[in-house]
Structures are given as C-alpha cells and as structure tokens.
Amino acid sequence: MPRLIDFVIRYREHIVATLLAIIALSLMSYGDVTQLGGFRALVIGGLGLAQQALAWIPNPLALQRENQALRQINMELQQEAMLLRKAGIENQQLRSMLQLRQQLPYPLLAASVVGKTVFRTRQYITIDRGSQDGVSVGMNVITDAGLVGRVIGTSPHYALVETLFNRDVRVSARLASTRDEGIISWDGFEHLVLQNIPKTHTVSVGDRVVTSSLSTRFVPEIPIGTVRTVINDPTSMFYRIVVEPAVAFWRIEQVFVVQRQPPRELMLLEDALQEYINRRMQGK
Amino acid sequence: MTPFQLYGTYAVIGLGAILIGTLASNLLTIGGITPDLLLLVIVALALHRGQLPALVFGFVMGLLFDIVSTDVIGSNALVKMLAGYVAGFFGNPDQATTASIGSPRYVVTTLVAALVHNAVYYLLYTRPAEISFTEFYLKNGVAAALYTAALALLPFFYASRQREETF
C-alpha cells in the first residue's frame, strides 16, 4: 500500500492528465452543446448582446479588404447598370410571359449580422433576430447572393447561424445545368467542395451549384456557388469539384431568415441517420 | 499572495481571455487565423506553478470555452489540458511570475504548447471531415501557433521590463 501511495504521489501529474483526458474524451463521445438546452440560449443571448455592443470597433484589416471589394463591386456595378437598363425592359416582358415568381414561396425576415465568430474549423455569425421574432432552430439563412447557413441556436433577441464554412456542415446540392446531385462541404480553406458527382457525367467550370430538393434541411434552388475547378482523381469514381461560394462570408452584413421550419419528423429521421454515420466514421 | 488569491487571479485572467477570444475573435483574426489567448494564461501558469495546476486549469477553462464557443463539449478541455501538460515540462515552480513570463522560455514554451495543442485539435476535427490534416495543419495550425507565440511577446516584454525595474 505505501508503495502504491508513493507511486501515485510520484506520478500524480501523469495520472491526473490521464484521468482528465478520459473525462474529456467521454464528454466528447457523449454529445455536443445542443444538450445544454436553456443554458445555451443564455450564452447565445449574452454573446449577441456583447457582440452588438462591440460592433462599433473597427477592424482595419477587414475594412481594407471591404474597401477593395467595394471598389471592385462599384466598377462591376457601373458596367452592370448599363446592361440592366436594357435588360430591365426585356426582363419585365419575360417575367409576365413565364409567370416567374419574384420571391421564394416562404416569408423572409431581414436581419443584421451583429457578430462573426471564428473557431478554427467552424465559422458562425450572430444575427439580431431571435425566437421572439419567429426565428427557430433549423431555419435557413440567405442573402441576395445565396445560401449562408442554418440557425443552430436562438435566444429571445438573437440567433446563432452555422455558415457553410464549417467542418460539420453538409448540404445536399445539385448542378443547376445538369441536375446532377451531390454533397457540398467546406474544403477547410476558402472554397467548397462538391462530391459524389460520377465521372460519367459532364461538369463544366462556371456551372451553378444550388441546393437540392432531396434534403429537408435547406430550401431547394438556393444558389451555393459556381464550379471553379473540376479535379479528376484517378483513384476515385467521382469528381472532386471545387466550388466558389456565392456568398462572401467575411463581408456579410445583412441576411434574410427563411421562415420555413423543416418538417420535424423528417429532421429527426435525418438527425438519427447523421448520428449513425458519425458513429460509423468514429469507428464505434 | 495566498494560493487562493493566485489561482483566483489566474481564473479571472483566463475568463477574460475566453471572453476576448470569443467576442473579439473577428477583430483578432488575420487571414482566417485566430490566436489562442487562453493558451497564454495556461502556459504562464505552467511555468509559474508547474504541470499539475496548469493541466487542471487548462481542463476547466477548456470546458468553459467549449460551452461559450458552442464547440463539442470536451474537445477544448482535452487540448488545453494537454497544452498545460506539455508546458509543465518547461516549468519552474520556484520562480516568481515575472521571472517565468519575463523569460524567453515563455515564448518558446507557448509556441511548443500551441503546436501540440493545434495538432491534436485538428487531428480530432479533420478526421470526420473531408479536410486533409497535413495541409490544414501546416496552413492553419502552424500559423495559429506562430500568431499565439507572437502575442506571447507582449506579456514577455511587459514582465521582463517589470523584472528590470525590480532589480
């Protein structure tokens, strides 16, 4: 017994480290923050308030980039304005002819981005609309350019949005031109990757990628990006397609929340499937 | 300073680091790279008080960070505990705080701890995702470790100046 006590005292740092590592790994396998329930809403509300209070602090690097981007956009817009005057008349005629819907078939709620949070492999934005405004978990968030992400948590006045630049996010997507279905995920850097498109299909650089109707999580036909590069991996039956995101995530200021709640029953089923896939990937 | 006051001070500084890292992460980010302010506190404690307090402190603060950052519960607790464990090998509990932080060893230890911290974190997180670990770690993990080590120069210069004034 004294020898055991002596051993524990002598190697206490390593023993404590091992025990804490076991606890941490157990917590990781137990689940994520969604199981914290009300406490999570409190954290989101508190962070949203604090981020809004700090929103006035300028970020010189971001402002510089934004300035450059705005100049570029300004030039492009000047050119586009000329074309649009001509196209506007033609567009009106076409709209009435084809009876195109001008908006999505769901109500949209405008929101301002009050905070952007970057945690290594996860990027989130906080918006100034919460459960009291009708925002709930699962709702899609878009801009005029395309899909931003999905609401993953709400407090009465704020909501946390998981953007596409997040290692956990997978979006069922399709090529707008050929209707080929695939899965969009983040490449870890500045682009997205479209997977599961067989090499027997034709993919061209510049093709538009939109959300698919196969998933209940995202409203179909929302732009995600355009094909930038098509990589032909000789070891795979599928293309690796690099997609340029439609939304410039680092300069989002205004967004719309699509007030459509995905069917709960299907969501639960998809969550169960995702959990099963995660467990299989972790070798459990 | 009593142990209670000492650890209380570290806890307050640690909570401050979590809050700044969470609320101002967008302001601190350069080219998508964020520094780890909490790591600076953990390394300081490891050098000042040794391995055991540092790894327990790293675990508790990492757990709080997991909750605030909506990360997977336990992930930051694990890597921050590991960072405290690694940094503890460089510690000298007999030294004063200014001597620990005011030594170049503080910056080097921060770099080593950050490299190990990021390697384990990215290994955990790139495995289930379609992201190459080597590429992602070399581009983001090493850069983030260097950024954190660069920030360690601020407390290092402050403490070394305090040390000179004492002498």
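Buried residues are those under 20% relative accessible area, exposed ones are over 50%, and partly exposed ones lie in between, with a 1.4 Å probe and protein chains only. This is a predicted model, in which local features need pLDDT of at least 70 and side-chain atom pairs count only at pLDDT 80 or more, while totals for chains, interfaces and linings use all residues. Residues are numbered from 1 along each chain as its sequence is written, chains are lettered from A and ligands numbered from 1 in the order in which they are written, and side-chain values use heavy atoms, with hydrogens and water left out.

Select chain A to begin. Of its 284 residues, 39% count as buried, and the chain holds five helices and 12 strands (DSSP runs numbered from the N terminus, H or I of at least four residues for helices and E of at least two for strands).

Next, select both chains. The contact (heavy atoms within 4.5 Å) takes 46 residues from chain A and 47 residues from chain B. Across this interface the rule finds zero salt bridges (a side-chain nitrogen of Lys or Arg within 4 Å of a carboxyl oxygen of Asp or Glu). On the side of chain B that touches chain A, α1 (3–23), α2 (25–28), α4, α5 (75–88), α7 (104–126) and α8 (133–166) each supply at least two residues, and α4(B) gives the most, with 10 residues.

Finally, select α4 of chain B, residues 51–69, whose 19 residues reach 26 Å from first C-alpha to last, close to the 27 Å expected at 1.5 Å a residue (1.5 Å times one less than the number of residues). Just after α4(B), look at T70(B), which takes a positive phi of about 55 degrees.
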